Amino acid sequence: MKPTIEQQLWMYKHMVTSRYLEESLLAVYMEGKTPVFNMGEGPIPGEMHLSNGQEPCAVGVCAHLTPTDVVTSYHRPHHVAVAKGVDLNRMVAEIMGKKTGLSGGRGGHMHLFDPTVNFSCAGIVAQGLAPAVGAMLSRHLQKKPGVAVAYLGEGATNAGAFHESLNLAAVWNLPVLFVVEDNSWGISVSKAQSTAVPRNDARAAGYGMPGVYVPGNDADAIFDAAGEIIERMRKGGGPALMELETYRLAGHFVGDAEGYRPEGEKEALQAKDPIPAYSKRLIETGALTDDSDRELVQAAHAKVDAAIAFGRESSYPDPEEAMQHVFA
Amino acid sequence: MADVRIPTDLWDDDTQAVITSWAYDDGTVVKEGDMIVEIMVEKSQFEIAAPASGTLHIRESEDAVLDRGAVIATIE
Amino acid sequence: MAEAETITAAKTAHKRLTIARAMADAIAHEMRTDERVFVMGEDIGPLGGVFGNTRGLIEEFGPERVRDTPISETGFIGAAVGAAMDGMRPVVELMFADFVGVCLDIIYNAAAKNCYFSGGNVHVPMVLMTSTGAGYSDGGQHSQCMYGTFAHLPGMKVVVPSNSYDAKGLMTAAIRDPNPVIYMFHKRLQGMGWLGTEKGATVACPEEPYTVEIGKAKTVREGVDITIVSLGMGVHWALQAAEKLASDGVSAEVVDLRSLVPLDRDHVFASVKKTGRLIVVDEDYKSYGITGEIIATIAERDISVLKASPQRVAFPDIPIPYSRSMEYWALPSADKIIAAYQRMER
């Protein structure tokens, strides 16, 4: 399934937005943390897991989704949130712990919930898989439409929840696409060290569902593979597992010195940055011109800048508000 | 008048049943189909419905151990 | 004539239900009136639940809404979370509370926290029903109460019925609650004869649906000399102890907590203020749990209401032993409650 030009431009725009968001957040994150890196300091305290390099995994799949479809993600969620259409202002405000954030500051960067587009993420790897299955059970019982996409990193395929969730999705034949973002590293442990099989699509057969591996970190290739699966799922085709080769251009978390990476690996990956490569392709095929590219990039940056400004200008919650919303 | 018996069709052998709980007191008016008593056979619980409507006259109390077919109450 | 009819009508209205039957009836009624309610768990379909609490449901509602699951607690409890977040009202069973170890994350880190993490924008209206309790030699991994564990972790309501009237009302309330509710039933109060049931748990229940408010304790026996606070099976031990104490001229008040979260601290405090003496009875492990919480509640509010040091009768901090004599040596009992009272009076 090849993307139309419109779909390609959609994907490109969201990758550009997502990358600029991560770069902007990084700059804000580092405020107050130099020269001494104290995680609890600055306008964005805590951990920060950036998705630079993994943008194709988000746009290639989410291009096929509507707000009604359900997406769950994990501790590296921003690119997926952007692609799913999460309110950017409220997302940035939440990451900054502000009252105007998606959760009034109660969740932070790993716990972003936007029910208007059915997006949520969690800080425990593989935790979002079973709820994605449940959301589709709900649609089945209510006879309402929708598919679910549950994102996980390749490290999470070894967690018990992966086993249980895939089996359950297959036993109940629910339309859940499990998307493994294989960036090769679970913090400092490589996939080869942690996973008994070189590719997770091989595990799909063990769960009674089809498995697909997409190499190259290429938005169009991911679009193609995901499109086929999602179309089949919408017609009652049942769950599937898709593993996407991708790269983490930054560390596991900001502050990660990445001493575990082999020499030269990072530099080699920078050369394979998917966004300049995609821009080049779109210009070559005429989908973009230098001018329209510049315009698109400027518009995307402006949107992110506005969100960052919104976040900065918003107030913090009153501390006693911590007691609210424990129960409905 | 109808008899309320330990069922004969729920298990095959001579294992006895025990009455674990009467849902109503002696003398209560019950309707046909109401669940009126629970019995236990080994590890299985069975709920017995009233075979007729009328006044329940309990013959065997809770904890009584009985054979299949035994009459445990009548309904008139 | 009219009087006989009234008596008869009264008798037909007061059907006794076991807790198992009460739970199933409450779930069935909600399923009839609310399409969003469905049930999942191991052996809850044709078997009717290992502890009898889903009997009749699959026959009435079919396998779509009453689903047997694989042995995948994280999987199906997680599915309940996702379904609840999408607008359904799942009632899901964790067969033994002891099994929470294999699925604790999806309960305490997701079900209990997603409402908060979303700033109240996403609710998780699910009921997790789970069996608790010892005293029939099921060993250390099938006999625990886990009350303190669930009650301690924020974001989930916790209810513990001691009798079928409360069991039915609390189940209805739990299903209608927009929050995750952990419904902890005691195996020896269920009415399943093979577990050796406490008959005092099988009481009269109205036919029509009703709710018992979550977060409200109940004084089940009035008294003036001492307050005995408990939950679940402990309420029955407390009532037995109160009976024996009465024959010695001691008037014991028994408070049934019924809910752990929210905890009805006001009710407990009012009782202890009246009597001045407190014994807390809990089948769960002694340290870092219910007994400490109740005593702390009184002490921090107004220690002067206490005329004597409060006492705890709880399971010791040991794995539950298998051999019957050891198990019963460890379990609370009416005699231990009386001994605790006697210690207070020295």
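How much area do chain B and chain C bury between them, and what percentage of it is on carbon and sulfur atoms? In this predicted model, the two chains bury about 1500 Å², with 49% of that area on carbon and sulfur atoms.

**Figure 1. The interface of chain B and chain C.** Chain B contributes 19 residues to the contact, and chain C contributes 15 residues. Between these chains the count of salt bridges is 6. One salt bridge in this view joins Arg21(C) to Glu47(B), with a separation of 2.6 Å between the closest N and O atoms. Polar contacts between chain B and chain C number 11 residue pairs, both residues being at pLDDT 80 or more. On the side of chain B that touches chain C, at least two residues each are supplied by strand E2 (17–22), strand E4 (35–41) and strand E5 of chain B. That side of chain B comprises 8 charged, 6 nonpolar and 5 polar residues.

**Figure 2. The largest pocket, with a lining drawn from chain B and chain C.** The space in this pocket amounts to about 710 Å³. Its lining consists of 34 residues, of which Glu47(B), Arg21(C), Gly52(C), Arg55(C) and Gly56(C) are the closest to the centre. Glu47(B) and Arg21(C) are also the partners of the salt bridge described in Figure 1. Strand E5 (44–49) of chain B supplies at least two lining residues, as do strand E1 (15–17), helix H2 (19–33) and helix H3 (57–61) of chain C. Of the lining, H2(C) provides the largest share, with 6 residues. Sorted by class, the lining holds 14 nonpolar, 12 charged and 8 polar residues.

**Figure 3. The second largest pocket, with elements of chain C in its lining.** The volume of this pocket is about 460 Å³. A total of 21 residues line the second largest pocket, and those closest to its centre are Ala151(C), His152(C), Leu260(C), Val261(C) and Arg265(C). Helix H7 (147–152), strand E12 (259–261) and helix H11 (290–302) of chain C are the elements that give two or more residues to this lining. The lining of the second largest pocket divides into 15 nonpolar, 4 polar and 2 charged residues.

**Figure 4. The interface of chain A and chain C.** Here 34 residues of chain A meet 40 residues of chain C in contact. The two chains bury about 3100 Å² between them, and carbon and sulfur atoms account for 65% of this area. The number of salt bridges found across this interface is 1. Arg139(A) and Asp86(C) form a salt bridge through their side chains, at an N to O distance of 2.8 Å. Across the interface of chain A and chain C there are also 13 residue pairs in polar contact, both residues being at pLDDT 80 or more.

**Figure 5. The side of chain A that touches chain C.** Helix H5 (129–142) and helix H6 (160–171) of chain A are the elements that give two or more residues to this side. Of the elements on this side of chain A, H5(A) gives the most, with 10 residues.

Notes: Residues numbered from 1 in each chain as written. Chains lettered and ligands numbered in written order. Predicted model: local features only at pLDDT ≥ 70, side-chain atom pairs only at ≥ 80, totals over all residues. Heavy atoms only, no water. Contact = heavy atoms within 4.5 Å. Buried area = accessible area lost by both parts, 1.4 Å probe. Salt bridge = Lys/Arg side-chain N within 4 Å of Asp/Glu carboxyl O. Polar contact = N/O pair within 3.5 Å; in protein donor to acceptor, adjacent residues only side chain to side chain. Helix = DSSP H or I, 4+ residues; strand = E, 2+ residues; numbered from the N terminus. 1 Å grid on protein atoms, 1.4 Å probe; cavity = no way out; pocket = protein on both sides within 12 Å on 5 of 7 lines; lining within 4 Å. Points joined across faces, edges and corners; volume = space filled by probe spheres on them. Nonpolar A, V, L, I, M, F, W, Y, C, P; charged D, E, K, R; others polar.
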